[in-house]
Amino acid sequence: MKKPRSRTALSAVAALAVAGLAAGCSQGSATNTGGGDQGDGQVTVRFMNFSSNDGHEADLQAIVSAFEKENSGVKIAVETVPYADYAAKLQTAVAGGTEADVFELEYASFVSYAKAGVLADITGIDTSAYAENLIKAYQSGGKQYALPESFSNVVLFYNKDLFDAAGLAYPAKDWTWADETAAAEALTDKAAGVWGDYQPISYNEFYKTVAQSSGHFLNDAGDATAFNDQAGLAAAKWLTGKSGTTMPTDADGANTPDFDTTLFTSGKLAMWHTGIWMFSTVAEKAPDMNWDIVVEPGNTVKASAMFSNAVGVSAKSQVQDAAKKWLAFYTASQTTIDTRLAKSWELPPVADTSKLDAYLQITPPANRQAVLDSLDAVALAPVVEKQQELQDVIDDELAAVSAGRATAEEALANMQAKVDPLLK
Amino acid sequence: MAGATRTDAARQAGRRRKWKNLAWVVVFLAPSAIPLLVFKMTPMIASAWVSLHEWNMISPMEWVGLGNFADLLTSPNTGEVFLHTLAYIAGYLPLVYAGGLAIAVALNQKLKARGFLRAAYFVPVVTSWVAVALVWQWLLNPTNGLVNHLLGMVGLPEPGWWTDPNWAIPSVILASAWKDLGFVMVILLAGLQAIPQEIQEAATVDGAGRWRRFWSVTFPLLSPSTFFVVVISLINGFQVFDQVYVMTGGGPSGASQVAVGRIYDLAFRYGEAGAASALSWILFAIIMAVTAVQMYGQRKWVNYA
């Protein structure tokens, strides 16, 4: 009697254990093929993005709803990830084979994903609606691997009320750094917690300010740095010199999330170097504040940053056709264009710039023309394979200068010594 | 002949019993052994394989043999992160042990609200590191934190805590010691209570005072608990990550980057999963070696009553 019972117990436990394992496995594969044909003709396309995070979620949802209405058999499952976590999340998802059917990519990381064979070849898709330089940016080896989704740039935001109160003239198109510094110094009132200027002390600002000083971040061949010269020195001194004088320091809270947004929208920041994607946030958070924008001042020449994002289809997606449909709709449909313009999101990558007219009519800011004017002189970000390491080196060295631990000259020499090996 | 048959039968029965026992052992081990196998051993073996490759997690793996290990062992950065890790341990371990011991001794007396106090000291142990680190980041804010405010009031210098490279690790040490104090306290308290009362009484009869009793009786008899605390704290110390990640992010300018923080950066920021895996194995080897030395050394100083 005893024996059979024990055997039953044993096999029951073993069966449970196996069932547990099996459950684990099937759950894993469920995530993997989550996007797919559900058998009733209904297809789900998983879409992972970062650019709708923090303010534009409803706008993305509106585009999704319009698409689903037009394509009754297709459902879009949106997954929105904060920008700071996105790269690691996408990378691990790809490594684990659970990436979404359609996902967003920054220009800087596009090349490595295209070369790794992660993106489906979408050559042959209709590209006539997109700006030519942007469509070409997402080709690799003569094939189209992603579609441009948006572009954006950085301008100088300024608080008119603070300029009026100080009796100063507003920033103008022809301003240089010297004009900006003079105004920032006059507007800073530390006792009242009012700061004249805010510009992140970071890689993204550095390569641009090097260009604003007529310098180059990399040499022409792209295999060595070129910033350890007078232009680089001017850029490093310009960025780090603000900290603690006309701009809050790290200990004051600078470089923490939303710190600059809060400072500007609470009327305590006179000038702010930031992206055009902040228009709607500022308008919403500070409806009574008078503010406007202008093309960023240059040192010896003008140079503005331009960023662009793209969307690609996973090569492993089980629902390629539906995914491509969504890709095209999300990047170039009239609904998307209208939503992006009306909500002052990043700009749609349209070939026909007259479509942007609607955007220019919306206020604030009144001087939206500055967004397009900034495109006249663009400083493109250098794209290298070890992008993140390069950025960390620049960020760390600049932080050391702004905290007074190193001179700008020392930092530039360190940057050069650490970045050059990354380019080999 | 008959005897031999009996022995054979007995041996066979014994063997059968052994198999049956083994089957039961497997049954009872399965609930913990299967997750261990699936979620710990498999990734460990996989990471050993990955450590021999160059892999950015999206492209196919490329065999480099021991290349990652060679690169890491010759890179000044590796030495730096281990130096920071050791600096952390050097500050953290004495602080958390001395603090935990003081509280354990205090709470071993007959105090009012003793139960409440014991629970209160343990609360940080079960609190999420992210929450604790954020609170400490605020307390140690160089310009408007509470700690510097108090230091300023009594005329002491106000350090730059997480904005000054020299103070970044001490600020992490402070937060960590505070959080883990309760854990050390509980282990040592249990150790204190396990010390037989007769020995203490005998020492008292022999004329030993409070201090003498503590150093000559209590402290040596507490050595098994001390040993456990030291081993666990050292292992945890080598693996310090969460508090560094939240409080300093490894900064300023890398001044507080520790071994596990470097592993994280290599894998999830720089796309060097091979190097990250190799560094994990180097860390594993170091922890193994340090623990082995302690296991060997304990024979000399740990007294079991």
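The model is a predicted one, so please read every value as computed from it.

**Where the chains meet**

Let us start at the interface. Chain A brings 27 residues into contact with 26 residues of chain B. Together the two chains bury an area of about 2,100 Å², and carbon and sulfur atoms give 63% of that area.

B:Arg269 pairs with A:Asp392 in a salt bridge, with the closest N and O atoms 2.7 Å apart.

**Salt bridges**

Over all chains, the structure holds 14 salt bridges. One to look for within chain A joins the side chains of A:Lys173 and A:Asp373, at 3.6 Å from N to O. A:Lys173 sits in the loop between α6 (160–166) and α7 (177–187) of chain A, while A:Asp373 belongs to helix α15 (residues 369–373) of chain A, so this pair ties together parts that are 200 residues apart in sequence.

| Helix pair | Axes come within | Crossing angle |
|---|---|---|
| α8 (residues 197–205) and α9 (residues 210–221) of chain B | 10 Å | roughly 165 degrees |
| α9 (residues 230–241) and α17 (residues 408–419) of chain A | 9 Å | roughly 120 degrees |

In chain B, the axes of α8(B) and α9(B) cross at roughly 165 degrees. Because of that angle, α8(B) is roughly antiparallel to α9(B). Their crossing is right-handed. On the α8(B) side the contact is made by B:Ile199, B:Gln200, B:Ala203 and B:Thr204, and on the α9(B) side by B:Arg213, B:Val217, B:Thr218 and B:Leu221. By class, the residues of this contact are four nonpolar, three polar and one charged.

In chain A, α9(A) and α17(A) cross at roughly 120 degrees. These two helices are therefore oblique to each other. The crossing of α9(A) and α17(A) is right-handed. Here α9(A) contributes A:Gly232, A:Leu233, A:Ala236 and A:Lys237 to the contact, and α17(A) contributes A:Ala408, A:Glu409 and A:Leu412. The contact of α9(A) with α17(A) has four nonpolar, one polar and two charged residues.

Note on methods: Residues are numbered from 1 along each chain as its sequence is written. Chains are lettered from A and ligands numbered from 1 in the order in which they are written. This is a predicted model: local features need pLDDT of at least 70, side-chain atom pairs count only at pLDDT 80 or more; totals for chains, interfaces and linings use all residues. Side-chain values use heavy atoms; hydrogens and water are left out. Axes are lines fitted to C-alpha atoms, for helices over the stretch in contact, and angles run from 0 to 180 degrees between N-to-C directions. Helices (H or I, at least four residues) and strands (E, at least two) are DSSP runs, numbered from the N terminus. Angles under 35 degrees count as roughly parallel, over 145 as roughly antiparallel, 65 to 115 as roughly perpendicular and the rest as oblique. A crossing is left-handed if the near helix is turned anticlockwise from the far one by less than a right angle, and right-handed if clockwise. Contact means heavy atoms within 4.5 Å. Ala, Val, Leu, Ile, Met, Phe, Trp, Tyr, Cys and Pro count as nonpolar, Asp, Glu, Lys and Arg as charged, and the others, Gly among them, as polar. Buried area is the accessible area (1.4 Å probe) that two parts lose on being put together, summed over both. A salt bridge is a side-chain nitrogen of Lys or Arg within 4 Å of a carboxyl oxygen of Asp or Glu.
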